[in-house]
Amino acid sequence: MLLHVLKYKFICLIRDKAIIFWAFMFPVILAVLFHIVLININPQEEFMKVEFSVVDNDGYRQDIRFKNYVNSIIESYENNSQSIYNISIRSLEESEQLLEDNKIDGYVKIEDELKLIVKRSGTEQSLIKALLDEYIQINSTMETILSNNPSALENIDLLTNNFIEDVPLSESDNTDFSIMIYYSLIAMSCLYASFWGLRIITLSQADLSSIGARMGLIPQKKLHILAIDFFVSWIIQLGIITFQLIFMSTVLNVELLKPIGLVFLTTAVGSAMAISLGSFIGAVIKKDEDTQVTIINSVIGIGYVITVSQINEILESKLPFLACINPIKLVNDGLLSLYYFDNYAILARNVVLMSSLTFFFSAITYLTVRRVKYASI
Amino acid sequence: MVVKVENLLKKYKNVTAVNNLSLEIKEGEIFGILGPNGSGKTTTINCILSLLKYESGNIELFGEKMKPEAYEIKRKIGAVMQEVAVFDELTVYENIDYFCGLYIKNINEKKDLVEEAMEFVKIKDYRKRYPKELSGGLLRRLNIACGISHKPKLIIFDEPTVGVDPQSRNYILEGIQKLNSSGATIIYTSHYMEEVEQICTRIGIVDKGSIIALGSKEELKNKLEFNKRLIIENSKVSEEEIAEIQKIPFVISAKYDNGKIFISLSKSDINVLTILEYLKDRNIEFGSIQSEVPTLNDVFLKFTGKKLRD
């Protein structure tokens, strides 16, 4: 009986053109459209570089603190590709010429005081000023501390920052922000599996369809039929996601498949969660199919908006529980964490949350529909 | 006893759909449940099949209490519900094969049963068609095939001929009789009196959730006081003349309506000529004459004061 039901459930789903279009083709069409829009834009984020020089004059040579400060920044730039300040020590004439030729954003010279010479006012110039302001502030702080308690700064130079070590979040240099768009499409595609789940319940409940009434009369345990339906829907959904990932990676040339095993794990668990969510809505919301479809669309739509907008941050700080159970966010963030970070802590957390939601929705669904008699059909 | 229903009570909020209904159906019967729309026929069927909750009552099938998890009882039941219940994504053959396969495990046996079911409802020529390509009548036949392919012992037909062409209707009714002669017990619900009269061995007439009359066709008609009705065309007859006709000993009732005289005659040997001579003696003119036997509609009218199709 198992193979018999599997076979026909598979055939029914494959031949359902409406569901296949929305779950299969719609995300692909969107991905192609996004690709056309983004193709001429270099989404690879490049960190801004601020180039300026320090005039090598008497004032500079005598100001040991400033000299150490500048050297620490030069050293930081040499050791860390993401450092933005590229400082060179040059003569006044060279600095003026480089500024004139727009090869540097400004230059600094020390005479009676620290001076910044720029040609125009912009972001780079503001960053140089911010750096110098930081030096002035820290220097002033040090002066104050030294005057009150000289031993407090023993072996510590606040200006060279040698007591703080930077630990990067990731060793990778993945900075392509268009990836977010494609991963969010994959997350949306996973959530479209909710409609498979809704279909499972509609076709098993007598008060929702005539086939449901007929299925209420068969001599088979409802759990078995529901489990087979769930499994077939899940397999087909995985096939659809696989195709979409391969299509985007090969045809659209978007890096989505690394690491391939964890990407599939995330989408597999996300799809299972979505199917169980759709079943849950179908079983618990005792309204007509149009209302149930509207609810699913609302969950996907609102979940997506929250995920990609600033509301997400507000929710995480004010209502962290709600942020944790946003199905789109769980899939989306899980996939993004594979791209941007080296450790799998976020992924692991999200997989556990998705699995828990799958179990919860499935359990409630089963308890709601088993051995049921209807108030009306 | 295949079906036993005792004091079934089912309410939808403040509306009593089935009002302490009791009935028993013996093996081998074609039991008809006849009643107008909204009388509780489908609700009764759905309660018998344990699809609907009910307030009180006892329902037994094949001697055992019926409940949703009574799988052995369900194995012996087939249902052809009012709404067509087939998968649009499967062909005619695939639909019957799928539903049959939920009851029959043996593949060869299932294959034979599917072919037999298609032959039975005469849709073999359409085996590769999809439901949306079928006419209403063919769709109903497919619906029947899906419900009976596993050769159940009890088959319930809930208004299976609604919206069906006359040819398909005849196929369906003949098919039901064949199923019965093969050993199946049938419950047939309808608001079409003619169908119930044609095939049912015993009939329960239902109105407002209660059985108002129960028995075979003859037993039900015997509950009426008349066993024949004459309809005589007449252009003019007075009220006094109608009153005079009413005084004839074997005349139960007489009325004049729209150019015709309707005379109900009692259970005695009727001599139509006696009536006609009576009319001739009194110079009451008449045209064509029709004679009708009582119908279940007359039974319904007697017990409820309204017709089945009001």
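A:Cys190 counts as buried because its relative accessibility is 0%, where buried means under 20% relative accessible area, exposed over 50% and partly exposed in between, with a 1.4 Å probe and protein chains only. B:Cys100 is in no disulfide, and the nearest cysteine sulfur, that of B:Cys146, is 9.7 Å away; B:Cys100 is buried too, with a relative accessible area of 0%. A search of the whole structure finds zero disulfides over all chains, a disulfide being a pair of cysteine sulfur atoms within 2.5 Å.

## Basis of the model

This is a predicted model, in which local features need pLDDT of at least 70 and side-chain atom pairs count only at pLDDT 80 or more, while totals for chains, interfaces and linings use all residues. Residues are numbered from 1 along each chain as its sequence is written, chains are lettered from A and ligands numbered from 1 in the order in which they are written, and side-chain values use heavy atoms, with hydrogens and water left out.

## Domains of chain A

The domain assignment, automatic or from a database, gives chain A a domain 1 made of 2-41 + 176-369 and a domain 2 at 50-160. Taken over C-alpha atoms, the centres of these two domains of chain A are 53 Å apart.

## Helical spans of chain A

Among the spans of chain A that UniProt, in an unreviewed entry, lists as "transmembrane region" are residues 180-202 and 346-369; such annotations may be inferred rather than shown by experiment. Residues 180-202 of chain A are 91% helix and 0% strand, with end C-alpha atoms 34 Å apart, and residues 346-369 of chain A are 100% helix and 0% strand, with end C-alpha atoms 34 Å apart. Helices (H or I, at least four residues) and strands (E, at least two) are DSSP runs, numbered from the N terminus.

Helix H8 of chain A (residues 194-202) is largely enclosed by the rest of the structure, because nine of its nine residues are buried, including A:Phe195, A:Trp196 and A:Arg199.
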